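Biologist: Please take a close look at a single part of this model for a reader new to it. How is that part arranged, and what packs on it?

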2 protein chains.
Amino acid sequence: MGGKPSNIDLYYLAMRHTSAAKENRKGFLESNERLEYLGDAVLGLVVAEYLFNKYPFKDEGFLTEVRSRIVNRENLNQLSKKIGLEEIIQFNGHMKGSKQSFKSIYGDALEALVGAVYLDKGHKFAKNFILKKLIIPHVDIDMIISTDTNFKSKVIEWSQKENKVLNFEVTELDSKKHFKKFEAKLFVGKKQISVGHGLSKKKAEQDAAEKSCQILNIE
Amino acid sequence: MGGKPSNIDLYYLAMRHTSAAKENRKGFLESNERLEYLGDAVLGLVVAEYLFNKYPFKDEGFLTEVRSRIVNRENLNQLSKKIGLEEIIQFNGHMKGSKQSFKSIYGDALEALVGAVYLDKGHKFAKNFILKKLIIPHVDIDMIISTDTNFKSKVIEWSQKENKVLNFEVTELDSKKHFKKFEAKLFVGKKQISVGHGLSKKKAEQDAAEKSCQILNIE
């Protein structure tokens, strides 16, 4: 590790959010989005292989689930801040608030950085960088595994594979009468599959989704 | 290219569909699913990088879209048959028809083969294999690009990012009166966004999704 960058411009580009895109000589607006696209794939492979080797007797459902939790937006945003990217990302704050892309500005810059390292130094170096500088020191995989499964994303994934229309209907219950403040009904097509409850909208949906996973036999 | 396999067992395993899983010495049921998980990530990166280099002035939306079309289930199934995997995949036909996993048996085996090549021969070799034996000779990227955008998947992706409930309502119109046999209404939450028409359910949904992409300003 610790090699010097061969192409420093790539790293500058990786820290340039789309809101601060600059026109290059050919009139093409440049930001870190293309590097982010590449870095996302690099990160995906490196984490996939790491888990594949770490858990030789776990099935691919487990590996896929753990991987998606490691590289999800929130995790990458946190990781990005931990390694200090927050302080060097260039963006145009005037556009903040309006744009979807600001929700993942830190994680996207981290992916772009990974893309830059990959282009600059190759697969092996990028793999070492990701594992030794990012994942192993900063990601608590045991904790991630012990956290509850995200049943909502499971049931959504299933509905898309099966081409079914999935729908949640959430209502707020009368809070004086109920501890469980929200009720979520999960429909597949027009058929109600399950009802869940929880103290937040999100938890009620999770509860309904978990029940549906059992009822519909979704692994 | 053309190197001999160092670990031939990996390749046998890659051709073993889950319906023909075998118990190994440690009592763990083995099929190609773990290799498929790994191969999917390898393929994802190699295709991502290939497009990144091939289209230096295209934005990441274009690259992501083209990549997802290249590695979609149907394409991988076809590619797998083209290179002859159909004849060597081992599966248990008695389970066919009932299982979701049979829909992608050929494409999954192709991904597993890529995973096996990657484990056996490393990243560089696997990259050459994917590009020179699979993508360049067998995938018509220009054709893939010129085909219409999949607006339905775009709008679904958007709804998940934004945490909105998306719903299609499709009705068959009276075919004596209408050329456009199906009508699809797209709802976000309870609000109807657009109406589409087409000669099939699928086309009507695509039409509604395309209109919604415009109305909702989805790129």
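Modeller: In this predicted model, helix H9 of chain A (residues 201-215) lies across strands E3, E4 and E5 of chain A and runs at about 135° to E5(A). Helices (H or I, at least four residues) and strands (E, at least two) are DSSP runs numbered from the N terminus; angles, from 0 to 180 degrees, are taken between N-to-C directions of axes fitted to C-alpha atoms, for helices over the stretch in contact, that is, with heavy atoms within 4.5 Å.

The three strands form an open sheet in the order E3-E4-E5, with antiparallel pairing (at least two DSSP bridges make a pair). Strands E3 (166-172) and E5 (191-198) of chain A are the edges: each has a single partner strand, so one side of each has no neighbour in the sheet. On average, neighbouring strands are turned by 20° against each other, direction ignored.

Seven bridges join E3(A) to strand E4 of chain A (residues 182-188) in the antiparallel sense, and A:Val170 stands opposite A:Ala184 in E4(A). Helix H8 of chain A (residues 151-161) also packs on this sheet, where it touches E3 and E4 of chain A. The direction of H8 makes about 145° with that of E3(A).

Residues are numbered from 1 along each chain, and chains are lettered from A in the order written. Local features need pLDDT of at least 70, and side-chain values use heavy atoms, without hydrogens and water.

Methods:
Predicted model: local features only at pLDDT ≥ 70, side-chain atom pairs only at ≥ 80, totals over all residues.
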